[in-house]
Amino acid sequence: HPLIYKAVETRWSLAELELVLQKIKVLAAARDTLGLKRLLQQRLAGYVPDLNAEDHSSSPLEADVRSDVGSSTVVALDAMNRR
């Protein structure tokens, strides 16, 4: 019936899902809000980030996390993107 809405979902393999979850964990640990939004936009069709939501990327704690995680976060994401 034309008035019934049907959702069309993307199917991911287990390996692909695990890779995305790893990326989310790395970005979340680094408090990379913008990176998380970008990843979700790339991976989830129709995802539109709430631009009014608080952006934790620029919080003081984030700078401390980046100094600790910093280059290892970049290296981890680069390695994941090569898979």
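In what order do the elements of the protein run from the N terminus on? In this predicted model, the order is α-α-α, and the protein accordingly holds three helices and zero strands.

Some totals describe the protein as a whole. When contacts between residues at least 6 apart in sequence are considered, 56% of them join residues at least 24 apart.

The structure holds one salt bridge, in which the side chains of Glu 16 and Arg 43 meet at 2.5 Å, N to O. This pair links distant parts of the chain, since Glu 16 lies in helix 1 and Arg 43 lies in helix 2 (residues 33-43), 27 residues apart. In general, side chains of opposite charge can pair when their charged atoms come close.

A nonpolar patch on the surface is formed by Leu 14, Leu 17 and Leu 21, which together have about 270 Å² of accessible area. Of these, Leu 21 has its place in helix 1 (residues 14-29).

| Residue | Relative accessibility |
|---|---|
| Leu 21 | 42% |
| Glu 16 | 29% |
| Arg 43 | 26% |

Why does Leu 21 count as partly exposed? Its relative accessibility is 42%, and partly exposed residues lie between the buried limit of under 20% and the exposed limit of over 50%. Glu 16 counts as partly exposed because its value is 29%, and Arg 43 is partly exposed because its relative accessible area is 26%.

How values were computed: Residues numbered from 1 in each chain as written. Predicted model: local features only at pLDDT ≥ 70, side-chain atom pairs only at ≥ 80, totals over all residues. Heavy atoms only, no water. Helix = DSSP H or I, 4+ residues; strand = E, 2+ residues; numbered from the N terminus. Contact = heavy atoms within 4.5 Å. Patch = residues over 30% accessible without salt bridge, like charges linked within 9 Å, V, L, I, M, F, W, Y side chains within 5 Å. Areas by Shrake-Rupley, 256 points an atom, 1.4 Å probe, with all protein chains shown as cover. Salt bridge = Lys/Arg side-chain N within 4 Å of Asp/Glu carboxyl O. Buried < 20%, exposed > 50% of the residue type's maximum accessible area, 1.4 Å probe, protein only.
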